Amino acid sequence: MQVEDIKEYSTKIKRTEEEIAKGIIGQRNVIHHILLAILADGNVLLEGVPGLGKTQLVKTLAKVMDLNFSRIQFTPDLMPTDITGTNLIIKEGDRNRFQFEKGPVFANLVLADEINRATPKTQSALLEVMEEKTATVDGVTRPLPDPFVVIATENPYGSSGTQMLPESQLDRFMVCLSMGYPSHADA
């Protein structure tokens, strides 16, 4: 890689950060670190209380970077196939056939919103997705798009309905960032 290439990439990253910062106030450090993680092909865990704009930040990232985006709202009743996809039985005349219906993990940028509200069984389905960049449904392993990044939001442990993430899942995140309130100077 040439010095000119590095300068060009650096300029593009700064422009991307500035564009994202237009819609997200006071989170320049968080934006910078998320972009670095995406460039390094790593997943991100965003911690913070509700209402800080974590979801809006990820939506803005996807839009500015022109990435295919999906959002999964993690709830206690979410099932693994709700995120990975499932096989549907399709009736064609007098015959039936199976057709795979992709889940929301089949996107470039996946927002796993409030990840610590889901049951361990559903969170474990996300382990393969985050580590292997594949999804296995009914014994068939399917590759996910490239690039593929999960940005998960987490509410503080102890908030209503939350649980601690297992170490095996925390290990899948390259970066863990804490998002706080913007300063008065930023607002």
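**Before you start**

The model is predicted, so local features need pLDDT of at least 70, side-chain atom pairs count only at pLDDT 80 or more, and totals for chains, interfaces and linings use all residues. Residues are numbered from 1 along each chain as its sequence is written, and side-chain values use heavy atoms, with hydrogens and water left out.

**Stop 1: the whole protein**

Show everything as a cartoon. The protein has six helices and nine strands. Helices (H or I, at least four residues) and strands (E, at least two) are DSSP runs, numbered from the N terminus. The C-alpha trace spans about 65 × 45 × 30 Å along its principal axes.

Now colour by accessibility. Of the 187 residues, 41% are buried. Buried means under 20% relative accessible area, exposed means over 50%, and partly exposed lies in between (1.4 Å probe, protein chains only). Next, consider contacts, meaning heavy atoms within 4.5 Å. Among contacts between residues at least 6 apart in sequence, 70% join residues at least 24 apart.

**Stop 2: H1 against H3**

Select residues 3-23 for helix H1 and residues 54-65 for helix H3. They pack at an angle of about 135°, with axes 9 Å apart. That makes H1 oblique to H3. Angles under 35 degrees count as roughly parallel, over 145 as roughly antiparallel, 65 to 115 as roughly perpendicular and the rest as oblique. Axes are lines fitted to C-alpha atoms, for helices over the stretch in contact, and angles run from 0 to 180 degrees between N-to-C directions.

The crossing of H1 and H3 is right-handed. A crossing is right-handed if the near helix is turned clockwise from the far one by less than a right angle, and left-handed if anticlockwise.

Show side chains. From H1, pick Thr16, Glu19 and Ile20; they meet Leu57, Thr60, Leu61, Val64 and Met65 in H3. By class, this contact has five nonpolar residues, two polar and one charged. Ala, Val, Leu, Ile, Met, Phe, Trp, Tyr, Cys and Pro count as nonpolar; Asp, Glu, Lys and Arg count as charged; the others, Gly among them, count as polar.

Zoom in on Thr60, in helix H3. Thr60 is buried, at 12% relative accessible area. Beyond its neighbours within four places in sequence, Thr60 is in contact with Ile20 and Ile24.

**Stop 3: H1 against H2**

On H1, select Ile13, Thr16, Glu17, Glu18, Ile20 and Ala21. Across from them in H2 are Arg28, Ile31, His32, Leu35 and Leu39. The contact of H1 with H2 has six nonpolar, two polar and three charged residues.

**Stop 4: salt bridges**

Side chains of opposite charge can pair when their charged atoms come close. The whole structure holds seven salt bridges. Each is a side-chain nitrogen of Lys or Arg within 4 Å of a carboxyl oxygen of Asp or Glu.

Start with Glu8 and Lys12, paired at 3.2 Å, N to O. They are four residues apart in helix H1, so about one helical turn separates them. Glu8 is partly exposed at 41%. Lys12 is also partly exposed, at 39%.

Move to Lys133 and Asp41. Their closest N and O atoms are 3.6 Å apart. Lys133 is in the loop between helix H5 and strand E6, and Asp41 is in the loop between helix H2 and strand E1, so the pair ties together parts 92 residues apart in sequence. Asp41 is partly exposed at 38%. Check the backbone too. Phi is near 65° at Asp41, a positive value in a residue other than glycine. Phi of Lys133, another non-glycine residue, is also positive, near 60°.

Next, select Glu131 and Arg172, a salt bridge at 3.6 Å, N to O. Glu131 lies in helix H5 and Arg172 in the loop between helix H6 and strand E9, so this pair ties together parts 41 residues apart in sequence. Glu131 is partly exposed at 44%.

**Stop 5**

Select Arg142, in strand E7 (residues 140-143). Setting aside residues up to four places away in sequence, Arg142 touches Asn87, Phe100, Phe106, Thr134, Ala135 and Val137. Arg142 and Phe100 are 42 residues apart in sequence and 10 Å apart in space, C-alpha to C-alpha.

Finish at Pro147, in the loop between E7 and strand E8. The peptide bond from Asp146 to Pro147 is cis, with omega near 5°.
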